[in-house]
Amino acid sequence: MMGRKVRGRGMAASWYGIARTATIDRAGAWAEIDDGGTGKIVTGVTEIGEGILTLLAQVAAEEIGIKPEDITIGDNDTARSPEAAHAGATRQTYMIGNSVALACRDARAKLDRELADHWEVEVDSIEAFDGEIWSKGSNLKMSMEEAVDICKKRGVVPVGSGSFTAHGTGLDPVDGSGSPWQAYVFGTQVAEVEVDTVTGEVQVLGIWAAHDVGRAINPRGVEGQIEGGVVQGLGQALMEDYQLENGHTKTHGFAKYILPTSLDIPEINTVIIEDPDPKSPLGAKGIGEPALVPTAPAIMNAIYDAVGVRMTSLPATPEKVLAALEAKAAAGQLEAAE
Amino acid sequence: MSDFELEMVVNGKSIRRRAKPHLRLLDFIRDELNLTGAKEGCGAGECGTCSVFVDGKLVKSCLMPVAKAQGAKVETIEGLTPHGNELTPVQKAFHKTGASQCGYCIPGMVMAATSALRENPGAGIEEIKERLGGNICRCTGYTKIFEAVEIARDVISGKLSIAALEPDGAGKSYIGNNVRRLDAPSKVSGRLRYAGDMVMPGMLHMQVLRSPHAHALIRSIDTSEAESLPGVACVITADDVPGEDGFGVFVHDQPIMARGRVRYVGEAVAAVTADDVITAARAVSLIKVEYEPVAAVFDAEEAMQNGAPVVHDYAPDNVVKHIPIRKGDIEQGFAEADLVVEQTYDTQAVEHAYLEPEAGIAYVDHDDVVTVVSPSQNITHHRHMLAKIIDKPINKVRFIMSPVGGGFGGKEDMIYQGMLALAAMKTGAPVRLVYTREESIISTAKRHPARITYKMGLRNDGRITAVSFRMICDGGAYGLSTEGVMRKAAILSCGPYNIPNVEIDVYGIYTHNTPSGAFRTFGAMQSQFATESHMDICAEKLGLDPFEIRRINMMQDGAVTHTQQVLGSVSMGRVLDAAEKACRWDSGPVGMRGQERNDLGGEGTRPPCTLGARIRKTGDDDHQEVA
């Protein structure tokens, strides 16, 4: 005999392509190693909240050899920054992250050349990190601030540029064959739910989300993307529903269009898998969109595990779950009668 | 109504102003006091972005007439950190954990969290969640916010060292390092200005007239009365567009404002620019449009039938895009199957619900460059399109991205920037437009609703022999991103599995519904929802564990995809293993196993919410609460 509240678990797998689909994608960036040992990056990046500016500062800091907080990013202005295009297609870490890395390497090469000449060492021996620059195997070391000063006194402004390309190809119009992306990610999520068989309400109590991101440049940021994606997936699975009647919106505010709130949130357990991309300098791929792909089917599969009803129409609102339970009970009675 | 004298204390300062009685407290603090940390997310008390303290109590300032705050002590997010003061422990904890993403909900969220800990410094996580329940966040999934509030609580109480709020440090590399978000201080303090928070000297305000019909011919538009209203600077319609009028991510089928015909309820028809929003709104109501309603179609499958109303002349079959994918021999594949399973799936339209409604400012600069500042997700493409629409060389059009208060694909469309540019060109003044929540919901793109017909053939050992996948999506009235969404949905439809024979057909269809467009996953969520549901249905019939059926079929290194691309390294096996292990999965064939599972509850889950009335007992223990 089934109790009123029943739990179950379900899982779903997923895959996703990184950057623009079935076409060439490209992004550009400029870099300058600036006075005071700071860095200036200019690129048409679009921070929509995912944390791309911080990520680019980390990439630039690592490549130049300074601290992320010493990076200034001049971002999205079509009259001031090179094209890096849109925030979408899970492309910004991959496309713009790599173009910034290339731009910084270009700038560093110019700085290193001057410093190697100044120190009379091989240019390959020069390394830098966290605001200091040195020649490996020697006691030659100085701050990045001094290094920039020396470089400029020798008449060179250490500037660089980078352009990164992803080689997707178009699909054949007849059989759809083609290579739409050069990098793919994979993910799997497990959901644990509790179904109230009297009200039809489904609560998601736990989500385990394992996603390949290539390389996690900021692991906490990756978690944030997965948590946000899971909750959007949960919203679509259970409550969100934009309704129209003869073209007129019936859900024109948040009183009618129901969104997940703090009380709907499962514990979200993230596992980051790193399978580095071999075709790009950073090895990172992406996570923004793939995070929410498996959530809804994992929840539907968990509902089935709990109460044996297959929800094939989203969202699985309490009304729909109740109707499915009633239909199942009626079918069971019919079977018993036969 | 005449102004009245208003006195209150705001962030410790006595304020005396004349104010219009219709103002809400939110308008007063934002527009009169220039304190723009409190945001308008919905205007109906449903999202919490406008939260402030009034006499110490957390209040949604969009619901409070300013007259009600007469004599009150008001504290806004700016009051938490007077200029030069360091961030509060709550704000520092938000910074530390990465609790702010787009940041638009964050000032309100910080206020709600501050309120929670002021009301009950020892609040447990369940109470914290409850006290944040009136504040919506669309980016973070709330998890890092909960973590931040718990850290702040413990630092304030002394249970946790203040070091818990400090950055992690350089380590050996800044790659793989939890560097705190560089933009978080500006977001947790409310200092960051989004487009709707920006003002320019001499700025005018825009309001938009929208279609009440799903499909109608426009016989005439009479703007004369609106134009003669004092304070109105200009009225624009499709007639004001000097160049090639059309935008869209793939096909440029949508005019800046309706041209001769409206195709969905909420479509822009005309726009008024005036000295203030109220005058602009009044003028909008004076525009007279003569419509002739004509037959409309609201269902994608009906729109595909012969004789259905045609949405766009260039697509007489109402097909925006059909993406076919073929691999192998589908008939042979089903012939080889021991089991064939068919099922239909439906997914709904979904609203992006970014907390920042659309907003922007346009102006023509000293070098005659038409400049638009807006939270656009794709200024590169917007510049290309606008240059053609206003017939200017590309370097005379400039797009500047303002901070984006959430996008999720919904801000890829140039849905209002064209109107702003036209009005700035016509008036010579900066023009600002800020959408209401309702306007945002009814007029901007949604996730494509989809109907998927699935047929899968499998051998008794679980191997898939063939899949036939047909998906029909409602693209709504304009093309926007539909073509690309169909392509991605199709390519990824059948999941990360080796399937020798596939027949995939994905259709994006015009109807007279709200347009569908880009939304996080670009169609892949809908198509893979069907695949992953179907895998479980098939696993049950074959007596397989859900992980097992996926492992039997999963792509591995060197796999050939449904579009016949040869992959390199494939991490599918690793992510399956990782998820299975992390959740301590209790293996067994798919079925109604909830009653007998051994892996339920425990680590990694939360207790179910059993929220009822929370009664605060007074007496011996002030903080004892009974749920």
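Reader: Thanks! Where is B:Tyr142 found?
Author: B:Tyr142 is found in the loop between helix 5 and helix 6 of chain B. Helices here are DSSP runs of H or I with at least four residues, strands are E runs of at least two, and both are numbered from the N terminus. A word on the source: this is a predicted model, where local features need pLDDT of at least 70 and side-chain atom pairs count only at pLDDT 80 or more, while totals for chains, interfaces and linings use all residues. Residues are numbered from 1 along each chain as its sequence is written, and chains are lettered from A and ligands numbered from 1 in the order in which they are written.

Reader: Why is B:Tyr142 called buried?
Author: A residue is buried if 20 or more other C-beta atoms lie within 10 Å of its own, exposed if 12 or fewer, and partly exposed in between, with C-beta atoms placed from the backbone. B:Tyr142 has 25 other C-beta atoms within 10 Å, so it is buried. Its phi is near 65°, a positive value in a residue other than glycine.

Reader: What makes B:Asn34 exposed?
Author: B:Asn34 has 10 other C-beta atoms within 10 Å, so it is exposed. B:Asn34 sits in the loop between helix 1 (25–32) and strand 3 of chain B, and has a positive phi of about 60° although it is not a glycine.

Reader: And why is A:Thr251 called partly exposed?
Author: A:Thr251 has 18 other C-beta atoms within 10 Å, so it is partly exposed. A:Thr251 lies in the loop between strand 12 and strand 13 of chain A. Leaving aside neighbours within four places in sequence, A:Thr251 is in contact with A:Asp241, A:Tyr242, A:Gln243, A:Lys256 and A:Tyr257; contact requires C-beta atoms, placed from the backbone, to lie within 7 Å.

Reader: How do you know that chain A is more spread out than a compact globule?
Author: Let's start with its make-up: chain A has six helices and 13 strands. The radius of gyration of chain A is 26 Å, well over the 20 Å that the globule rule gives for 338 residues, so chain A is more spread out than a compact globule. The radius is taken over C-alpha atoms, and the rule is 2.2 Å times the number of residues to the power 0.38. The C-alpha atoms of chain A fill a box of roughly 95 × 45 × 40 Å, taken along the principal axes.

Reader: What does chain A have in contact with chain B?
Author: 119 residues of chain A are in contact with 126 residues of chain B. Strand 1 of chain A gives the largest share of the side that touches chain B, eleven residues.

Reader: What makes strand 2 and strand 4 of chain B edge strands?
Author: Five strands of chain B form an open sheet in the order 2-1-5-3-4, with mixed pairing. Strand 2 (13–19) and strand 4 (57–60) of chain B each have a single partner strand, so one side of each is left without a neighbour in the sheet. Strands pair if DSSP finds at least two bridges between them. Seven bridges join strand 1 (residues 4–10) of chain B to strand 2 of chain B, and these two run antiparallel.

Reader: How do you know that the span of helix 6 of chain B is close to the expected one?
Author: Helix 6 (residues 143–157) of chain B has 15 residues and reaches 22 Å from its first C-alpha to its last, close to the 21 Å expected. The expected span is 1.5 Å times one less than the number of residues.

Note on methods: Two residues are in contact if their C-beta atoms, placed from the backbone, lie within 7 Å.
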